[in-house]
Amino acid sequence: MTIERVRTDNPWEEKLGFARAVAAGDRVLVAGTMPLVDGVLQGEGDPYEQTRAAFTNALAALKPFGLGADAVLRTRVYLTHLRDVDAAGRAHRELFAAQPPASTLVVVSGFVDSRVLVEVELEAFRELSERPEPT
C-alpha cells in the first residue's frame, strides 16, 4: 500500500513533525487544523468564524486527493468553551448538512495559541480504482 502525505506552509507541521493530511488506501486523514490563514488567526473571539475557517483549511487538505466535503466520513471538533457548542455546530451543519458525517465534539483546556477557540480534524473516504488481484 502506498502512503501519500500532504504538507502545507503551516509552521507547526515542521516544528512538530507532522503532515497536514495522510492517505493510506481508501482513507484520508486530516490532522488537527486551526483557523489560521498565512499564519493569521481568522475570526478572533468568534467561535462560528473560527470553526468555518478551520474546516475550510481542513477541507483544502483534501483537494490534492480530489476530495471535498461529500467524502468526509468523520469530523472531530475541539472547543475551549462549552458555551461555543451552538456556534461551532451551526458552522458544521452549514458545511456538512447535505451529507452529514459521524462527528465528535470535545471541550478541551486550550491550544498552543490561547486565542484559538476551535480546532478540527477530518477523516475522508476515497474511491480507489479497480486494481487487478495479484497472481
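**Exercise 1.** Determine how far strand E8 (residues 118-125) is enclosed by the rest of this predicted model.

*Solution.* Step 1: apply the burial cut-offs, where buried means under 20% relative accessible area, exposed over 50%, and partly exposed in between (1.4 Å probe, protein chains only). Step 2: 6 of the 8 residues of E8 are buried, so the strand is largely enclosed by the rest of the structure. Strands are DSSP runs of at least two residues, numbered from the N terminus.

The model is predicted: local features need pLDDT of at least 70, side-chain atom pairs count only at pLDDT 80 or more, and totals for chains, interfaces and linings use all residues. Residues are numbered from 1 along each chain as its sequence is written, and side-chain values use heavy atoms, with hydrogens and water left out.

**Exercise 2.** Identify the strands that are joined to E8 by bridges.

*Solution.* Step 1: two strands pair if DSSP finds at least two bridges between them. Step 2: strand E3 (residues 27-33) runs antiparallel to E8, with 5 bridges; here Arg27 stands opposite Phe125. Step 3: strand E6 (residues 72-79) is also antiparallel to E8, with 7 bridges, and Val72 has Ala124 as its bridge partner.

**Exercise 3.** Describe the salt bridges that Arg76 forms with Glu121 and Glu123.

*Solution.* Step 1: a salt bridge requires a side-chain nitrogen of Lys or Arg within 4 Å of a carboxyl oxygen of Asp or Glu. Step 2: the closest N and O atoms are 3.3 Å apart for Arg76 and Glu121. This pair connects strands E6 and E8 across 45 residues. Step 3: for Arg76 and Glu123 the corresponding distance is 2.8 Å. Step 4: Arg27, Arg76, Glu121 and Glu123 are linked in a network of salt bridges.

How values were computed
Helix = DSSP H or I, 4+ residues; strand = E, 2+ residues; numbered from the N terminus.
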